[in-house]
Amino acid sequence: MGCGSSVPVEAADQQDQQQKNNQLNSQGQTSPKQGAGNADKGPEESTKAKTTRARRLSYISNDANGAAVNAPPGAAAPATSGPGARSGNTRARRLSYVTNDPNATPTNLKFSGEADGNEEGELEGADEATVQGQLAPEEQERRTLRVNVACMSRAGREPGFKKTNQDNCFAFEKYITEDQSLFGAMDGHGPHGHLVSGYVKQHLPIILVNHLTLEKDVKKALTQGFCEVDRSLANSRIDCEFSGSTAVVSYLKGKTLTTAWVGDSRGVLGRESKRGWEAIDLTTDHKPTAPEEKARILKANGRVERLVDEMGQPMGPYRVWLQYAWIPGLAMSRALGDVLAHQVGVTSEPDHSVMELTPQDKFIVLASDGVWEFISSKEAVEIVAQYDSAEEACRQLVDEAYQRWLTEEEGVVDDITAVVVRFIHPS
């Protein structure tokens, strides 16, 4: 019986290739395959690499090496740092526009540590565009609804006094995975309100990664995140006894928009109909006079009253007080921080609203009460609807709110923060 080689054809080919490589190496040359490096990767492997990098960059990180913080099981390993490596939180900074410059717009803002026209700054922008433009087809298909977002925060004004901006905001167009986004606005109050809102901005998105990944019930996950960041605040170095922050957060997954909030920062949906623009409130302000809120405060041995002047006349809004002392005087029934107020019924547990977005739903606005004090929800929608650019719409809304404060309050202006998210529906 005839017998061929006992070595399989594939193995023989490998042996031949190895002999050729050995000959080339003995002559000081490199084999073609070795010289090609990653260029010889197949389409499937190359696509997977791009997808993995894009997904990794969607995680929120405070690690200087860019490591994904609290990433879900199976997440891609972080890139190895090296000389000149950029901080992992650069992406977060670039997506959260904050300025005290009244002439600044979201497109020309600079952040601490960000270069002005240097090589690193240019590379950061180029790298971001490249990653977003090279998503795998399956990742692009998962994104059933795209977004365009801009944020702007402007410090208030008090004649003769340099005011600290206590507002903050964040926006992540891609959050955890390609089909998810997260947006938020915070309004700090009290002596250390700016520290509290800054803490919430920095930690809440990271905390929510775990809860939204492990918990199927989105509303429950958001509640867990709010309560955890509140506990973390109480154990931080920030003095939260008389300081706290509101928070309104919208989480978009596919076409489902879930909003969670505490306090009087507000979210509004802009819907285009045959009758014109409609404003759909996503939130309701947490005021201590609301029946359910007041009942909880009274049950916790707190009071809900207006402050009185020297003549005994009530003044200002209804506030939350201790039973036998005129403190803390919080004008809302839910907030993050505010340790003393939490002892008399103020809570950090958020309320929720859920919307299934349709092609008629064009954008949302999340803003602090600096916007809503003199601008109604419908007016805000009509202002934003005039502009195709989210950046321009956001700037115009903040500018209009600022001018109304100047007119109504004789030069006194509250901090003003707005997040405008435009929805790009598939055609």
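Begin by selecting Glu 410, which is exposed, with a relative accessible area of 72%. The model on display is a predicted one. Glu 410 sits in the loop that runs between α13 (390–408) and β15 (416–424). Its backbone deserves attention: although Glu 410 is not a glycine, its phi is positive, at about 55 degrees. Most residues other than glycine have a negative phi.

Select Ile 176 next. This residue also is not a glycine, and its phi is positive, at about 70 degrees. Ile 176 belongs to the loop between β2 (167–172) and β3 (180–189). Is Ile 176 buried or exposed? With a relative accessible area of 4%, Ile 176 counts as buried, because the limit for that term is under 20%.

Proceed to the pair Ile 327 and Pro 328. The peptide bond that joins them is cis, with omega at about 0 degrees. Most peptide bonds, by contrast, are trans. Pro 328 itself is placed in strand β11, which covers residues 325–330.

His 425 is buried, its relative accessible area being 18%. Another belongs to Asp 361 and lies 2.7 Å from a polar atom of the His 425 side chain. To complete the view, show the residues in contact with His 425 once its neighbours within four places in sequence are set aside: Leu 145, Thr 358, Pro 359 and Asp 361.

Key. Residues are numbered from 1 along each chain as its sequence is written. This is a predicted model: local features need pLDDT of at least 70, side-chain atom pairs count only at pLDDT 80 or more; totals for chains, interfaces and linings use all residues. Side-chain values use heavy atoms; hydrogens and water are left out. Helices (H or I, at least four residues) and strands (E, at least two) are DSSP runs, numbered from the N terminus. Buried means under 20% relative accessible area, exposed over 50%, partly exposed in between (1.4 Å probe, protein chains only). A polar contact is a pair of N or O atoms within 3.5 Å; within protein, one must be able to donate a hydrogen and the other to accept it, and residues adjacent in sequence count only if both atoms are side-chain atoms. Contact means heavy atoms within 4.5 Å.
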